[in-house]
Amino acid sequence: MTTILIIEDTPANIKLATIILEAAGYTVVPVNNALDGIAQAHTILPDLILMDIQLPDMDGLTATRLLKSDAATCAIPIIAMTAFAMIGDEAKMLAAGCDGYLAKPFCHKEFVATVANGLALAQQHKAGEQS
Ligand code: MN
């Protein structure tokens, strides 16, 4: 079972992401704020996190930094979800520790491909640690 934690506060985006991911065979756990997201990341140790950048309680980059600086959660790949206007901030997202990003509104094909890439990245890291 591959579990994906979605940290996103816009109901329409949660709904769409959940439909796409469940259709691709993933188990989805949605939360609508950063603090619940960080708590869930520790509790369920998801295979991947989709992180909205604009959240009500904390911005997604700060939440990403917190997760990436914590030994319990640092290995979980994080894909940022952001509006088209913010794509120029890619360097900021990567600097915060994001492993990739998705532009909103979502393109179905790109969404599934980016999530698959993020999961493959995590598998490579695991294989690297074991060898
Ligand atoms: Mn948001």
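Buried means under 20% relative accessible area, exposed means over 50%, and partly exposed lies in between, using a 1.4 Å probe and protein chains only. By that scale Q40, at 26% relative accessibility, counts as partly exposed. This is a predicted model, where local features need pLDDT of at least 70, side-chain atom pairs count only at pLDDT 80 or more, and totals for chains, interfaces and linings use all residues. Residues are numbered from 1 along each chain as its sequence is written, and side-chain values use heavy atoms, with hydrogens and water left out.

**Figure 1. Q40 in helix 2.**
Q40 is found in helix 2. Helices (H or I, at least four residues) and strands (E, at least two) are DSSP runs, numbered from the N terminus. Leaving aside neighbours within four places in sequence, Q40 is in contact with L5, V29, V31, L45 and P46. Contact means heavy atoms within 4.5 Å. The C-alpha atoms of Q40 and I7 are separated by 9.7 Å. Along the chain, Q40 and I7 are 33 residues apart.

L45 lies in the loop between helix 2 (34–44) and strand 3. Its phi is positive, about 40°, although L45 is not a glycine. L45 is partly exposed, with a relative accessible area of 49%. L45 is also one of the contacts of Q40.

**Figure 2. The manganese site.**
Three protein donors hold places around the manganese ion: D9 (OD), D52 (OD) and Q54 (O). Donors are N, O and S atoms within 2.8 Å of the metal (3.2 Å for Na, K and Ca); water is not among the atoms, so sites may look incomplete. In sequence the donor residues are spaced D-x42-D-x1-Q. D9 lies in the loop between strand 1 (3–7) and helix 1 (11–23), and Q54 in the loop between strand 3 (48–52) and helix 3 (60–68), so the pair ties together parts that are 45 residues apart in sequence. D9 counts as partly exposed, at 30% relative accessibility. Q54 counts as exposed, at 54%.

Beyond its neighbours within four places in sequence, L67 is in contact with I38, A41, I49, M51, T73, C74 and I78. L67 and H125 are 58 residues apart along the chain. Their C-alpha atoms are separated by 17 Å.

**Figure 3. T82 in strand 4.**
T82 has its place in strand 4 (residues 78–83). T82 counts as buried, at 1% relative accessibility. Not counting residues up to four places away in sequence, T82 touches I53, M93, Y101, L102, A103 and K104.

**Figure 4. A cis peptide bond at P105.**
The peptide bond from K104 to P105 is cis, with omega near 0°. P105 sits in the loop between strand 5 (100–104) and helix 5 (108–130).

**Figure 5. G118 in helix 5.**
G118 is found in helix 5. At 4% relative accessibility, G118 counts as buried. G118 touches L48, P77 and I79, not counting residues up to four places away in sequence. The C-alpha atoms of G118 and I76 are separated by 9.2 Å, while the two residues are 42 residues apart along the chain.

**Figure 6. Cysteines without disulfides.**
How many disulfides does the structure hold? The structure holds zero. A disulfide is a pair of cysteine sulfur atoms within 2.5 Å. C98 is in no disulfide, and the nearest cysteine sulfur, that of C74, is 14 Å away. C98 is buried, with a relative accessible area of 5%. The sulfur of C107 is 20 Å from the closest cysteine sulfur, in C98, too far for a bond. C107 counts as partly exposed, at 39% relative accessibility.
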